[in-house]
Each structure stands twice: as structure tokens, then as C-alpha cells.
Amino acid sequence: MQSIGDFRGWRQARPDAGKVHPKLRLPAPVPVREEFVPSELFDEDYLWFMEDALDERSDAEVELILRLLELAPGAEVLDAPCGHGRIANRVAGRGWRVAGLDSSRLFLGIARERAPEGVEYVEGDLRDMPFEGRFDAAINWYSSFGYFDDQGNQRVLEGFRRALKPGGKLLIEQASREMLVANIPPSGRAVWMVERGDDLQIDQVTFDPVAGRSHTQRIIVRDGRVRRTGFSLAQPTAAQLIAMLRDAGFEDVRAFDETGGQFTTKSRRLVMLASSLAEV
Ligand SMILES: C[S@@+](CC[C@H](N)C(=O)[O-])C[C@H]1O[C@@H](n2cnc3c(N)ncnc32)[C@H](O)[C@@H]1O
């Protein structure tokens, strides 16, 4: 199976490499809020820079999802957050009943426009999931876990457990913390860049090993305008995520890499599969 890397499509900005592009003269860093506003980050600019790279990996990701979930005929699947529906619509296209939840009206609108018949899209917050015992499986894909403080993140897992039928499966996919840390240079700040035409998305990423969180300052240069935003993401190790899942009422927790193989220190992505308990 094709290997899916977190950093594909990104390149390390090299301000020292000869001629410096005028757009690379970075403004002073701005403080990063712990609680980010999703609509400031997941917007039209996000799709402009990320959609092609995301769509390119989607077919392989859906293969992996279906292989790991081993869904029974007639199973119903929740994709949360579903973003612009790239996973949910493909899973539905393979014949499964699917619901997607996201907080972005913009993304949900795109997801609905591209959906095959019967996909249900719901606007909602991950911390307040409006489902009870309905799904056979739930998908939380592409670093979509860890946006909140410890309590908020735990609440997200508990919401997934409540949304699932007893024995239902949860699949979480995120960057491997080991790989993330290995990609932070000795200066303590990694700079990752996505380029589209003359437009740039520049992420300056630091990692706080005490809090176990990455902090990203994002600078978007688009059509000559500069916009700055930022976010912080909890980056639990596999062991920490297993403990959180057990506390939220999951068992049989297993860790895979981005190909569905064994998770190791060299894996780019961590894919966690867990089964919900009937009673907590
Ligand atoms: C990195 S994207 C991933 C989307 C999708 N899983 C994918 O693989 O393309 C994260 C998504 O989380 C959504 N989001 C952020 N905060 C949220 C919240 N509190 N509740 C629901 N969705 C949220 C954003 O709108 C965005 O669509």
C-alpha cells in the first residue's frame, strides 16, 4: 500500500538558500492562543492550499480505513470532523451508510454538494456530539484530535463512545509525536511551507514537551495580502492515547502506522483502533 506521509506536499523553507523570496521575510511571531477559533483556520484559504494534497491521498486513506474497520454489511459510519467530506463521501460511495459532523458550514456545504445519495451531514461541535448508540464505526481522521485542553479532548472521546453501539469501532489518525519531534530542528522551530502559484502558507511549529502540545503560527500570503493565525494541538504519544481511550470506555486498543502495519518510532502517522464498551 502507498505510504501516506504527513509532510508530503510540504517543504522545509530555507531562508538561507541563496536569494530570499520577498514573501519569506516573516513578520514578528504572534502569540498562539490555546483555544483556537476553527473558522479562522478551516476556511477557504485552508482548502486553497490543502485540498489538492488531501484529495491525492484520500483514495489510499479510505482503503486503509475500510481494511482496518472490517465493517459488517449494512454498517453505519460516523466521520467526525468530516471537513469537506473527502472521506465520508468516498466511504458512502463504497456502499456504506455514512453521517458526517463538522463545525464548518463552508466545508459542510461542499461536502453536501459532492455527496452521493443518502449521506447525512450535521453541523456540530466535537465536544458535544448529538448521537447515542447509533454507529458501528467512527472515524476521526487527519490530525483532528487534540484541539482542546485535556478535559475537552477527553470529552471528544466520550462523545465518540456514546455515539457508537456497544462494540463499535473508533479509528483515530494523527501525526506520530515521535516523527513530529524528529522534524523540529535544533533551533526549536520548524518552518513548513506550502506554495500555490505566488501564494504561500507558512507554518512555524514549536513543540512543548512538558505540555505535550505543538504550537503553530500560520502566515498566509494570498493575492498579496498577509494573514496570520495560530493553533495549538495536543500530540499524545500512543501510550497516552491508549490510556485516554480506556478512560473514555474503549477496549482492545491497537496502534498501526500509515500503511496499517506495525507502529514504530519511524512511522509518520499513528492510526489507533479501539472498540467501545457497553457499560463504563
Ligand atoms: C484537519 S481538518 C480534517 C477534516 C477531515 N477529517 C479530513 O480528513 O479531511 C479538521 C476539521 O475539524 C473541524 N473542526 C475544528 N474544530 C471543530 C469542532 N470544535 N467541532 C467540529 N468540527 C471541528 C474543522 O472545521 C475541519 O473541517
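## Confidence in the model

Over the chain, the mean pLDDT is 90, and 87% of the residues reach a value of 70 or more. Residues 1–20 are a stretch where pLDDT stays under 50, and for this stretch the model has 34 contacts beyond four places in sequence. Where pLDDT is low, the predicted coordinates should not be read in detail.

## Around the ligand

The ligand is surrounded by 19 residues, of which P81, G83, S103, S104 and Y142 are the closest. Sorted by class, this shell consists of 11 nonpolar, 5 polar and 3 charged residues.

P81, one of the closest residues to the ligand, is found in the loop between β2 (76–79) and α3. The peptide bond that joins A80 and P81 is cis, with omega at about -5°.

## Helices α2 and α3

Helix α2, which covers residues 44–69, and helix α3, which covers residues 86–93, have axes that come within 10 Å and cross at roughly 50°. Because of that angle, α2 counts as oblique to α3. The crossing of α2 and α3 is right-handed.

On the side of α2, the contact is made by L54, D55, S58, D59, E61, V62 and I65, while α3 contributes R86, I87, R90 and V91. Divided by class, the residues of this contact between α2 and α3 are 5 nonpolar, 1 polar and 5 charged.

## A positive phi in a loop

In the loop between α2 and β2 lies E70, whose phi is near 45°, which is a positive value in a residue other than glycine.

Conventions: Residues numbered from 1 in each chain as written. Predicted model: local features only at pLDDT ≥ 70, side-chain atom pairs only at ≥ 80, totals over all residues. Near = placed C-beta within 6 Å. Nonpolar A, V, L, I, M, F, W, Y, C, P; charged D, E, K, R; others polar. Axes fitted to C-alpha atoms, helices over the stretch in contact; angles between N-to-C directions. Helix = DSSP H or I, 4+ residues; strand = E, 2+ residues; numbered from the N terminus. Parallel < 35°, antiparallel > 145°, perpendicular 65-115°, else oblique. Left-handed = near helix turned anticlockwise from the far one by under 90°. Contact = placed C-beta atoms within 7 Å. pLDDT = per-residue confidence, 0-100.
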